[in-house]
Amino acid sequence: MSEEESLFPELKNDLILKATRGENVSRVPVWVMRQAGRYLPEFRNLRVENEFFDVCRTPSLACEVTMMPIRKYDLDAAIIFSDILVIPQALGMQVEMQKGKGPVFPKPLLDATDIKLLNVDVDVKIELKYVLDAITLTRKTLDGKCPLIGFAGAPWTLMAYMIEGGGSKTYSKVKKCLYVDPDSCKNLLNILTRVCIDFLVEQVKAGAQILQVFDSHAGELSADMFNIFCLPYLKDIATSVKKVLGPNQSVPMIIFAKGSHYALKDLGESNYDVIALDWTMNIEDARRLCPHKTLMGNLDPCALYSSKEDIDTRVKKMVQMFGTSKYIANLGHGIYPDVDPDHMEAFVNAVHRHSQSL
């Protein structure tokens, strides 16, 4: 146990940590991406008086939101309430969360050469201290109930937001940069990679027990472009974080590269411990291509709109297909804001019930 770990309460539920190592578990662990989100009435009430990024920047509020689903459901992991776009903010960019639109950059980068706007020498221990403080506070507040997950956005996905200025249907602005000026893109991706590494390392020092890297826009790239502008940076993050932390401090790492079916074999050969699958990915293919990795996923988030009986049936089938070894149950993307909270409970309970029976 590291010196930092000795400062926290003893962990009572280590199912998800065992699953990342491929050890036997009494039931399949389950958590849900965006589990502390708008589908919860408690979160919506808190947001009435608090702007989204103000919640992220206030450790007590971020802790409270992180704890909301933990108090409500029998989950096997908490994930710190934050956002992948805190990194562009730390680099000096303005990001607003606009109702009905999501994240918006009032002044996006014109292209990958436009890094004069960025504080490329950012010290995450200072600029993102609020996230680190929230992690430490939440880890203590959890009182060992379950592990705490920290996270960061992947370089390609962050660059896409920074150049597109928000979400996009085509990602043509940022993809144009890849084709027109690949060297400048690689320079920006290297900057983002370094910041991601520093941020993830500091999250572990602050108390995170698992790390996830979100590459939400990975599937916007062809296999060839993914191999050039995505994969090397993802691999560097996992390798470097573990190297910096060393064997005594390293924690399991999850990669969620949404839509990257073609990359499963390469991701399976990386230093990530867990490969998260979106709902379109084939489970048998993933097992074959990533035989030594734990898999996570991958129920369609829209399945939670169906009846509780249907949710139960779908979860049973999913658990049977993945098996109970080297598996963490989750949705194939984040939970949607208009899902009935009772259906979230039905999902979590069904995972535990059916995996125990298997």
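The entries below follow the order in which I looked things up.

**Ground rules.** I am working on a predicted model, in which local features need pLDDT of at least 70 and side-chain atom pairs count only at pLDDT 80 or more, while totals for chains, interfaces and linings use all residues. Residues are numbered from 1 along each chain as its sequence is written, and side-chain values use heavy atoms, with hydrogens and water left out.

**The sheet.** I started with the strands. I take helices (H or I, at least four residues) and strands (E, at least two) as DSSP runs, numbered from the N terminus. An open sheet is built from 7 strands in the order 1-4-5-6-7-8-9, with parallel pairing. Its edge strands are strand 1 (78–79) and strand 9, each pairing on one side only. Two strands pair here if DSSP finds at least two bridges between them. I checked strands 8 and 9: they pair in the parallel sense over 5 bridges. For Leu295, I found Tyr327 as the bridge partner in strand 9.

**A helix over the sheet.** Next I looked at helix 12 (residues 231–249), which lies across strand 5 (210–215) and strand 6 (253–257). Helix 12 runs at about 170 degrees to strand 6. That angle is between N-to-C directions, on a scale from 0 to 180 degrees, with axes as lines fitted to C-alpha atoms, for helices over the stretch in contact. Contact means heavy atoms within 4.5 Å.

**Helix 15.** What span should the 15 residues of helix 15 have at 1.5 Å a residue? The 15 residues (308–322) should span 21 Å, and the end C-alpha atoms are 21 Å apart, which agrees. The expected span is 1.5 Å times one less than the number of residues.

Then I sorted its residues by exposure. My cut-offs are under 20% relative accessible area for buried, over 50% for exposed and partly exposed in between, using a 1.4 Å probe and protein chains only. The buried set in helix 15 is Ile311, Val315, Met318, Val319 and Phe322. They cover an arc of only 95 degrees around the axis, which puts them on the same side of helix 15. The arc is that of the directions from the helix axis to the C-beta atoms. On the other side of helix 15, I find Glu309, Thr313 and Lys317 exposed. The buried residues pack against helix 14 (283–289), strand 8 (294–299), strand 9 (327–331) and helix 16 (341–357).

After helix 15 comes Gly323, with a positive phi near 80 degrees. In the loop from helix 15 to strand 9 I also noted Lys326. Lys326 is not a glycine, yet has a positive phi of about 50 degrees. With a relative accessible area of 24%, Lys326 is partly exposed.

Most residues other than glycine have a negative phi, and most peptide bonds are trans. I found a cis peptide bond between Gly297 and Asn298, with omega about -15 degrees. Asn298 sits in strand 8. Arg34, not a glycine, has a positive phi of about 60 degrees. Arg34 is in the loop between helix 1 (15–20) and helix 2 (41–48), and at 46% relative accessibility counts as partly exposed.

**Helix 9.** Which residues of helix 9 (residues 172–180) are buried? I get Val174, Cys177 and Leu178. Seen down the axis of helix 9, they fall within an arc of 100 degrees, so they line one face. Lys176, Tyr179 and Val180 are exposed on the face turned away. Cover for the buried residues includes helix 8 (155–164), helix 10 (182–206) and helix 11.

**His217.** Buried or exposed, I asked of His217? At 7% relative accessibility, His217 counts as buried. His217 lies in the loop between strand 5 and helix 11 (223–229). Leaving aside neighbours within four places in sequence, His217 is in contact with Trp156, Thr157, Ala160, Tyr161 and Tyr171.

**Record check.** Last, I looked at the unreviewed UniProt entry, whose annotation "domain: Uroporphyrinogen decarboxylase (URO-D)" covers residues 29–38 and 149–165. Such annotations may be inferred rather than shown by experiment; positions are in the numbering used here and feature names are shortened. Over residues 29–38 I get 0% helix and 0% strand, with end C-alpha atoms 23 Å apart. Over residues 149–165 the chain is 59% helix and 29% strand, with end C-alpha atoms 28 Å apart.
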